[in-house]
Amino acid sequence: MTFDVHDSEAVELHRRNHRLDPHVIRKFRNSLLRKFEADDSALSHLPETMNVQLHSLSVKHRMDSALDGATRLLLQTSTSHVIECVILRIASGRSTICVSSQVGCAAACDFCATGKLGIAKNLAVREILDQVVLGGQILTNEGRRLDNIVFMGMGEPFHNSRAVTDAIRKLTDRDLFARSPASILVSTVGIPEKMTEFAETLPGVNLALSLHSADSEKRRTLIPLESKHPLKDLHEAIRQVNQLQGRPLMIEYLMLDGVNDSHDAANQLIRWVQGLNIRFNLIPFNAIEDAPHLMCSPREAIDRFAQQLREAGYQTTVRYSLGADIAAACGQLARTLQPVQDQQNSIASAD
Ligand code: SF4
């Protein structure tokens, strides 16, 4: 009988059945889940008769950016759905893995290629974790270390909050991946009660809110969920998260030419965040075919907008996305290998 490497109870049961010293299992797990060594290396710690399933995903395709240090992995689930995971090698030498939480997404944000897919399936805990293992193995093979894990791939993490929370519990479990909570970031388009619940459960894990506009009407055109979870509820949720976490929450703001990048828009944003402990991350927009009406703000407009926020006293960074040539930049995780009819088996969003 095979067992899942992330399932502590199953591992313990098999360890006893094989009369193995706990030390053997620790070495095996260190090898696979902490050092991200190759499968053969990890398996060499176990007796051959032990039938362990190392992966729940298979690598269907790999694309390496010719421009920068991004790698896009197309990964296939056992149900033949394809998801994406992106490795970002940052010039400073640090490495980040951007993982998916769903196949497709029900949130249907106007600027997002994944949002045009609809939702096909929530990912299981082991499918979320295997993205980290497969990405980590690629980095280890290059002599690099995995520094950060961000939930910014396909899907709204809080539409699959139970699996995402359980996966993060395992990522931070000292007997499993042993990652620091501070090295993990979950990005949401804003589901207030899930944000506070998550901050209560895992206060050390970072949260980011994709705001993109402090004007409710405009935000609704970009993020339809604004109708259900309006700005005033998000403001209250951030206040509560601030109390639980005691550190700034990241506000992500996509820079869209002529949509949300004016002097007035920045002033409205500054007014909206008053009283909150936040920092800004401005994201130049990567155009997608499905939204030809949206363009990235010019560099000068982004710099002006950032300066206005800084002058108002807010820490503000501008994120220049990696992997634009392999459609790996945020919002471009698309349907390349996904038959559209696969998506018709849609499940209702778990919001
Ligand atoms: S931006 Fe995020 S929440 Fe919105 S459609 Fe894309 S994946 Fe879903």
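Which residues in α4 meet which residues in α5? In this predicted model, where local features need pLDDT of at least 70, side-chain atom pairs count only at pLDDT 80 or more and totals for chains, interfaces and linings use all residues, V125, I128, L129 and V132 in α4 meet A163, V164, D166, A167, K170 and L171 in α5, contact being taken as heavy atoms within 4.5 Å. The residues of this contact divide into eight nonpolar, no polar and two charged, where Ala, Val, Leu, Ile, Met, Phe, Trp, Tyr, Cys and Pro count as nonpolar, Asp, Glu, Lys and Arg as charged, and the others, Gly among them, as polar. Residues are numbered from 1 along each chain as its sequence is written, and side-chain values use heavy atoms, with hydrogens and water left out.

Helix α4 (residues 125-141) and helix α5 (residues 161-172), both DSSP runs (H or I, at least four residues), pack at an angle of about 50 degrees with their axes 8 Å apart, the axes being lines fitted to C-alpha atoms over the stretch in contact and the angles running from 0 to 180 degrees between N-to-C directions. That angle makes α4 oblique to α5, since angles under 35 degrees count as roughly parallel, over 145 as roughly antiparallel, 65 to 115 as roughly perpendicular and the rest as oblique.

The search of the whole structure finds 15 salt bridges, each defined as a side-chain nitrogen of Lys or Arg within 4 Å of a carboxyl oxygen of Asp or Glu. One of them joins E12 and R15, whose closest N and O atoms are 2.8 Å apart; both residues lie in helix α1 (residues 8-17), three residues apart, about one turn of the helix.

Terms used. Helices (H or I, at least four residues) and strands (E, at least two) are DSSP runs, numbered from the N terminus.
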